Amino acid sequence: MKRFTDRVALISGAAQGIGEATALLFAAQGARLVLLDLHAESLARVAERCAALGADVIAQPGSVAERSAWDAAVAAALARWQRLDILINNAGITRDARFEHMGVEQFDAVIDVNLRGVFHGAQAALQPMLAAGRGVIVNTSSVVGLHGNFGQTNYAAAKAGVIGMTKTWAREFGPRGIRVNAVAPGFIATPMTAAVPAKVTEKMTAAVPLQRLGAPADIANAYAFLASDEAAYITGTVLEVSGGLSM
Ligand code: NAP
C-alpha cells in the first residue's frame, strides 16, 4: 500500500530543487498533486514526470506571494478531487546582503515570499481542511531561522517567523483535526545554493557531522514523514534535517 493513496497534496516551489524531489516522491507514493511555482515551463516538465509515475497532477503556475494564486490552486484541487489533504508550503527565495547594505526592497522580497507566502498558503488550504475536519500542513523553515546567519537578516526573520506561525497554527487547529509542523533544512544541494562559492561549500560540509551536503530527497523524505499517518501524533514540531549541523 502506498503512503498517500487517494490523498491530495498541494506543493509550492515544485519546479526545481526540494519541491521537485517532493513532487516526485509524493507521486511515487500514490498522491494526487497540485504543483505551484512561478515557472510554468519547468513546472510542466515536473508534472509530466509525476504523471509518468502514475500520478494525477495539476500544474498551477503562479506566485505564492499572491493570495489569488493559492486560491486558484486550492480551487483546482477541489474541482478535480473535492478534497485537499496536505499542504507542503515549500517555496522560498534568498536575497542576501550584510545588514548594513540590505535594502528594504531585499527585505520585503524575502518576507513576501517566505513569510507572507506561507501565511497565504496555509489560510487558503485550511478552508477545505477545516470543512473536512482533517489535514496536514508542513511549512519550510531553515536552520537559519533557528540560529541566524551572516548576510541573511531577511531570510532569518522570515524563517523564524515560519516557526512562530507553525506553532501558533498547531495550537489553533489541533483541536479541529489539523496537524501543522515545520522542517528546518540545513545546507541542501539545490539550485538555491548552487551559486555559493566552492570554498564556502567545502567549509560548510566540513562543519556537518555527517560530512556531506543534504540532497533534496533528504528533505522530501522529512516532508513525507510529517505529512503521513506515521506522524499522526506529531504537531507543532520543527524537524531539523541538517546532518547534525546544529548540535
Ligand atoms: P530552489 O531550488 O530555489 O527552488 C524553489 C522553487 O520555488 C523555485 O522553482 C523558485 O523559483 C520557486 N519560487 C520562488 N519564488 C516563488 C514564488 N513567489 N511563487 C512560487 N514559486 C516560487 O530552492 P530549494 O533549495 O529547493 O528550497 C526550497 C525551500 O527550502 C525554500 O523555502 C528554502 O528557503 C528552503 N531551504 C533551502 C535550503 C537549501 O540549502 N537549499 C536550506 C534551508 C531551507 P525561482 O527559481 O524563480 O526562485
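**Strand pairing**

Strands β4 and β5 run parallel, joined by 4 bridges. Two strands pair if DSSP finds at least two bridges between them. Helices (H or I, at least four residues) and strands (E, at least two) are DSSP runs, numbered from the N terminus. The model is predicted, so local features need pLDDT of at least 70 and side-chain atom pairs count only at pLDDT 80 or more, whereas totals for chains, interfaces and linings use all residues. Residues are numbered from 1 along each chain as its sequence is written, and side-chain values use heavy atoms, with hydrogens and water left out.

Task: Which residue stands opposite Ile86 in β5, and which residue in β5 is the bridge partner of Leu87?

Solution. 
- Start at Ile86 in the pairing. Its opposite number in β5 is Val136.
- Move to Leu87. Its bridge partner in β5 is Ile137.
- Turn to β1. It pairs with β4 in the parallel sense, over 3 bridges.
- Leu10 stands opposite Leu87 in that pairing.
- Continue to β2 (residues 32-37). It runs parallel to β1, and 5 bridges join the two.
- Leu10 has Val34 as its bridge partner in β2.

**Strand faces**

Task: Which residues of β1, β4 and β5 point one way, and which the other?

Solution. 
- Set the cut-offs. Buried means under 20% relative accessible area, exposed over 50%, partly exposed in between (1.4 Å probe, protein chains only).
- Take β1 (residues 8-12). Val8, Leu10 and Ser12 point one way; Ala9 and Ile11 point the other way.
- Count its cover. In β1, 5 of 5 residues are buried, so the strand is mostly covered.
- Take β4. Ile86 and Ile88 point one way, Leu87 and Asn89 the other, and all are buried.
- Take β5 (residues 135-140). Gly135, Ile137 and Asn139 point one way; Val136, Val138 and Thr140 point the other way.
- Read off the result for β5. Because 6 of its 6 residues are buried, the strand is largely enclosed by the rest of the structure.

**A helix residue and a loop residue**

Task: Are Val162 and Gln211 buried or exposed? What does each residue contact beyond its sequence neighbours?

Solution. 
- Locate Val162. It lies in helix α6 (residues 153-173).
- Check its area. Val162 has 0% relative accessible area, so it is buried.
- List its contacts (heavy atoms within 4.5 Å). Outside four places in sequence, Val162 touches Asn114, Leu115, Val118, Asn139, Thr140 and Ser141.
- Val162 and Ser142 are 20 residues apart along the chain, and their C-alpha atoms are separated by 9.1 Å.
- Locate Gln211. It sits in the loop between α7 (198-206) and α8 (216-227).
- Check its area. Gln211 has 52% relative accessibility, so it counts as exposed.
- List its contacts. With neighbours within four places left aside, Gln211 meets Thr205 and Ala206.
- Gln211 and Ala227 are 16 residues apart in sequence and 28 Å apart in space, C-alpha to C-alpha.

**Positive phi**

Solution. 
- Read its phi: about 75°, positive although Asp6 is not a glycine.
- Classify it. Asp6 has a relative accessible area of 46%, so it is partly exposed.
- Classify it. Gln82 reaches 60% relative accessibility, so it counts as exposed.

**The whole chain**

Task: What is the radius of gyration of the protein chain, and what would a compact globule of 247 residues have?

Solution. 
- State the rule. The radius is taken over C-alpha atoms, and the globule rule is 2.2 Å times the number of residues to the power 0.38.
- Apply it. For 247 residues a compact globule would come near 18 Å; the chain has 17 Å, which agrees.
- The C-alpha trace spans about 50 × 35 × 35 Å along its principal axes.
- Count elements. The chain has 8 helices and 7 strands.
- Check cover. Of the 247 residues, 51% count as buried.
- Check contact order. Among contacts between residues at least 6 apart in sequence, 73% join residues at least 24 apart.
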